[in-house]
Amino acid sequence: MRSTLFSTALATMAILASPQLSFAQPASPTTYIYAGKLIAEPGSPPATAKTLIIRDGKIEAIKDGYVAPQAGAKIVDLKSKTVLPGLIDSHVHLLSELSPRSVLNQVTKEESDLALDGLVNAQKTLAAGFTTVVDLGADGHHTIFALRDQFASGRLLGPRILAAGAAISPTGGHGDIHGFREDVMHVLGPQSVCNGVDDCRRAVREQVKAGANIIKVTATGGVLSNTASGLGQQFFDDELKAIADTAHLLGKNVTAHAHGKEGIEAALRAGFDSIEHSSYADEATFALYKAKNACMVPTVLAGATVTDMARAGGTLTGAQAAKALTVGPLMLNMLARARKAGVCIVFGTDSGVSRHGDNARELELMVEAGFTPVEALRSATVGGAAHVGLSDQIGTLAVGKAADIIAVSGDPLVNISAIRKVDFVMAAGRIAKD
Ligand SMILES: [Zn+2]
């Protein structure tokens with residue numbers, strides 16, 4: 001069980017416990033969790049009356065019945081609850097949240113404001129039961145890496161973050177800065193913009209250099225770019241191929257924001273590991289997903305959110321609202337067809353478009369699209385873990401894995417809405433909500 005990673009974690013904890021670092025957290029005591037119902041792996045039969053023994057941030061043992069604790073251990077009584085693995089959201093934007101102030105925020109918020117916003121948003125996300133998130137775009141801001149590293153070290157309590165840094169976009173594309181006076185945009189930039197094969201290789205390398213865990217690309221137009229340039233392909237095929245090849249050369253997965261069918265298929269052909277949104281995918285696109293062994297992160301909550309915002313008025317600009325009303329209502333139907341076609345679906349919400357902490361609403365929407373509750377939960381646990389390459393650490397509750405554990409009242413396998421109210425959250429062995 002004592003892997004290299006475990007030794008590294010111990011070494012980190014030893015450094016943090018040194019007297020020079022007064023912000024170090026005390027080591028959590030050994031914890032005994034009494035689970036009334038245990039869904040250790042969504043998809044496998046649940047168990048009843050189990051004890052999970054947690055030590056040093058990991059699950060040390062899972063025993064039948066309610067085992068008497070050793071001296072000094074802490075007991076968490078969840079005998080009346082359903083206990084599950086912490087959830088994984090593979091598409092969030094922790095540093096922002098869409099509002100009527102969003103445009104102004106870009107020129108008024110300091111980096112320190114973003115850091116504290118990100119901390120609050122991360123804590124809301126964790127309290128909602130999401131112990132791992134993938135942040136897919138915090139343009140120009142290294143803050144997301146700082147948050148990730150603070151949470152990973154245990155100095156601040158938050159979800160495990162994998163971060164893309166800035167999304168890579170072509171000039172004038174969805175991820176390029178736009179909608180301001182030209183001289184203002186010069187101040188706000190540079191974003192991660194690239195044009196042409198060599199330049200796009202550079203852009204990927206720069207994000208890896210900055211600390212990215214995953215590469216995010218805006219392959220097509222997007223709903224929230226304040227331009228009337230549609231939702232079609234924006235990078236050329238050779239640029240997409242250069243980006244995917246460079247990411248893979250450097251050992252990183254690469255995912256594409258893509259709405260239009262041609263853009264989705266171009267990214268899949270280029271070797272992208274996953275596609276975000278995928279709004280206009282059809283049966284031919286689904287076949288390509290499967291042939292390329294790629295996964296879809298559908299973010300139907302974002303579609304529902306922008307559709308509501310466009311109808312209500314007040315938040316989106318004219319160009320944004322027009323695109324929202326075109327694409328938003330399509331997404332649930334696309335997801336239903338993708339599921340039937342057998343496409344790999346990974347849970348992701350695009351939270352930051354929707355409010356942070358509402359992430360589990362996506363699970364309800366997936367069930368509306370025809371997923372069984374267990375299929376939906378699997379996409380947010382086992383599926384998410386595989387997607388981020390951490391199946392050996394997260395996604396199920398098993399001996400040796402991270403103690404990322406949540407509990408709810410009721411049974412989410414019967415009624416998925418039970419997952420909307422999470423009563424208990426433990427992240428890497430530390431209790432975040434009780
Ligand atoms: Zn997004």
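How many residue pairs are in polar contact between domain 1 and domain 2? In this predicted model, in which local features need pLDDT of at least 70, side-chain atom pairs count only at pLDDT 80 or more, and totals for chains, interfaces and linings use all residues, the count is seven residue pairs, both residues being at pLDDT 80 or more; a polar contact is a pair of N or O atoms within 3.5 Å, where within protein one must be able to donate a hydrogen and the other to accept it, and residues adjacent in sequence count only if both atoms are side-chain atoms. Residues are numbered from 1 along each chain as its sequence is written, and side-chain values use heavy atoms, with hydrogens and water left out.

To the side of domain 1 that touches domain 2, β4 (74-85), β16 (422-427) and β17 (430-433) each supply at least two residues, helices (H or I, at least four residues) and strands (E, at least two) being DSSP runs numbered from the N terminus. Domain 1 comprises 4-86 + 396-433 and domain 2 comprises 87-387, with bounds that come from an automatic or database domain assignment. The centres of the two domains, taken over C-alpha atoms, are separated by 29 Å. In the interface, 27 residues of domain 1 are in contact with 27 residues of domain 2, contact meaning heavy atoms within 4.5 Å. About 2200 Å² is buried between the domains, and carbon and sulfur atoms give 66% of this area; buried area is the accessible area (1.4 Å probe) that two parts lose on being put together, summed over both. Of the area that domain 1 buries against domain 2, Pro42, Ile416 and Arg420 supply 26%, more than any other three residues.

The rule finds three salt bridges across this interface, a salt bridge being a side-chain nitrogen of Lys or Arg within 4 Å of a carboxyl oxygen of Asp or Glu. Arg420 is paired in a salt bridge with Glu364, with 2.7 Å between the closest N and O atoms.

In the whole structure, 23 salt bridges are found. One of them joins Arg378 to Glu41, with the closest N and O atoms 3.1 Å apart; because Arg378 lies in helix α14 and Glu41 in the loop between β1 (31-38) and β2 (47-55), the pair ties together parts that are 337 residues apart in sequence. Arg378 is partly exposed at 33% relative accessibility, and Glu41 is likewise partly exposed at 29%, where buried means under 20% relative accessible area, exposed over 50%, and partly exposed in between (1.4 Å probe, protein chains only). A salt bridge also forms between Arg160 and Asp404, whose closest N and O atoms are 2.6 Å apart.

The zinc ion has as its protein donors His91 (NE2), His93 (NE2) and Asp350 (OD), which lie 2.1 to 2.2 Å from the ion; donors are N, O and S atoms within 2.8 Å of the metal (3.2 Å for Na, K and Ca), and water is not among the atoms, so sites may look incomplete. The sequence spacing of these donor residues is H-x1-H-x256-D. His91 is buried at 1% relative accessible area, and His93 is buried at 15%.

Helix α8 (residues 261-270) is largely enclosed by the rest of the structure, because seven of its ten residues are buried. The cover over these buried residues includes α7 (237-249), β11 (253-258), β12 (274-277) and α9 (283-292).
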